[in-house]
Amino acid sequence: MYNVRNVAEDIWWLGASDRRLELFENAYPVPEGMSYNNYLIMDEKTCLMDGIDDAVTRQFMENLEQVLKGRSLDYMVVQHMEPDHCSAIPELLLKYPDMKIVASQKAIQMIDQFYHLKVDGIVVKEKDTLCLGKHTLNFIGAPMVHWPEVIMTVDSCTGAFFSADAFGSFGALGGNLFADEVDWEKDVLDEARRYYVNIVGKYGNMVTAVLNKTAAFDIKMLLPLHGYIWRQDLGNILDLYKKWATFTPERNSVAIFYGSVYGNTANAADVLAGKLAERGIRNVKVLDVSKTHVSVLLSEAFRYSTLVFASATYNGEIFDNMYNFLVDIKNHNLAGRTVGIIENGTWAPVSGRKIAEIVSGLKNMTILEPTVSITSSLNEVSMDQLETLAAALGEALH
Ligand code: FEO
């Protein structure tokens, strides 16, 4: 049965959630499921804003029929061709053969790549408009937020900004569609950050460019393809996006990430955390890279100003899980952090040098002295180094 909601003048939400999904994109754990939004504008012309994921297509088709109430579908704006928003395109074209697809040239090409369909669509680009009657859609190019074909759309009648993947989050919706209907900071922010960082975190410059373009419009609502709709206090999420897009940390404190085989590197991480707390540093966080999903680690690396990497040496390399995490940091272009390093190795500790090599390849990173070098377990020499590193971290934070 249908589940539809009117969210603005003539604009309907037709979304659905998937709570069975284990891994979004077969990569990111979603313990609270995943939501997929799309929207229908009922004007002189009817216009669907994006499609939906295969897992919830049946619900979506029922929702669509319910709102159309026998009218035909005139347009489908395809803002993003990733299949979590597009898998119903073949079915929609069969059911509504007169429907015109409105999309970027690249998206039209991707429809053929994914579905082997050569559609006779309306190609739009930056500053093009489409009049539906009362509502006029204004298109904005948003390449790499999150794929190269992405467009976003502002309805100048309502100020609704259809923002594709931007402003989304992991997690299913529970009936409340609007961010102001839930305790967003407490219950959603961490998953919104993890979503941003992992999905579009790499493309900060592109996100900034889109945010700058939206300044030309009087935007009153943000309607993303995942997560909550924003109709109040838009500045809250926009300020967060400005921060994330410029790799600006939210928290001036230390996150210590450790990769430990027998617990001695973990012990050094905890000893350092205690020393930092004794120095009055609040919100120090310690994370085990072997027990914490890398998407969470990356999200915390974006959140914190100061990062410590503590790693055992393994096969003459950085401990595997730490290595994978550092590669993920590099792949997401994280920049502008202060870094401390702790290495451990029973006969040939080399992980510190190798961590420094990776971190040095990132933009605007400051590596503090000394690198704490442990041979098997902390002793007086390495405890002294740890004390000196704690002092350097404390100084960097003030
Ligand atoms: Fe929600 Fe990039 O797709």
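How far apart do the C-alpha centres of domain 1 and domain 2 lie? In this predicted model, in which local features require pLDDT of at least 70, side-chain atom pairs count only at pLDDT 80 or more, and totals for chains, interfaces and linings use all residues, the two centres are 38 Å apart. Residues are numbered from 1 along each chain as its sequence is written, and side-chain values use heavy atoms, with hydrogens and water left out.

The domain assignment of the chain gives domain 1 as residues 5-245 and domain 2 as residues 254-397, the bounds coming from an automatic or database domain assignment. Contact between the domains (heavy atoms within 4.5 Å) involves 11 residues of domain 1 and 11 residues of domain 2. The size of an interface is often given as the accessible area lost when the parts come together. Here the buried area, defined as the accessible area (1.4 Å probe) that two parts lose on being put together, summed over both, is about 970 Å², and carbon and sulfur atoms give 55% of this area. Of the area that domain 1 buries against domain 2, 49% is supplied by Arg-193, Val-197 and Lys-202, more than by any other three residues.

On the side of domain 1 that touches domain 2, the elements giving two or more residues are strand E5 (28-29) and helix H5 (189-199), where helices (H or I, at least four residues) and strands (E, at least two) are DSSP runs numbered from the N terminus. Helix H5 contributes the largest share of that side, 5 residues.

The structure as a whole holds 21 salt bridges. In one of them, the side chains of Glu-387 and Arg-279 pair with their closest N and O atoms 3.2 Å apart. Glu-387 lies in helix H12 (residues 380-397) and Arg-279 in the loop between helix H8 (264-278) and strand E18 (285-288), so this pair ties together parts that are 108 residues apart in sequence. Glu-387 is partly exposed, with a relative accessible area of 32%, and Arg-279 is likewise partly exposed at 38%; buried means under 20% relative accessible area, exposed over 50%, and partly exposed in between (1.4 Å probe, protein chains only). Elsewhere, salt bridges that share partners join Glu-9, Asp-10 and Lys-134 into one network.

A further salt bridge links the side chains of Lys-118 and Asp-112 at 2.6 Å, N to O. Lys-118 is exposed at 73% relative accessibility, whereas Asp-112 is partly exposed at 24%. Lys-186 and Asp-187 also meet through their side chains in a salt bridge, at 3.5 Å; Lys-186 is exposed at 64% relative accessibility and Asp-187 partly exposed at 48%.

Ser-35, in strand E6 (residues 34-36), is buried at 1% relative accessibility. The side chain of Ser-35 reaches the backbone nitrogen of Gly-227 at 2.7 Å. Beyond its neighbours within four places in sequence, Ser-35 is in contact with residues including Ala-16, Gly-171, Leu-225 and Gly-227.

How values were computed: A salt bridge is a side-chain nitrogen of Lys or Arg within 4 Å of a carboxyl oxygen of Asp or Glu. A polar contact is a pair of N or O atoms within 3.5 Å; within protein, one must be able to donate a hydrogen and the other to accept it, and residues adjacent in sequence count only if both atoms are side-chain atoms.
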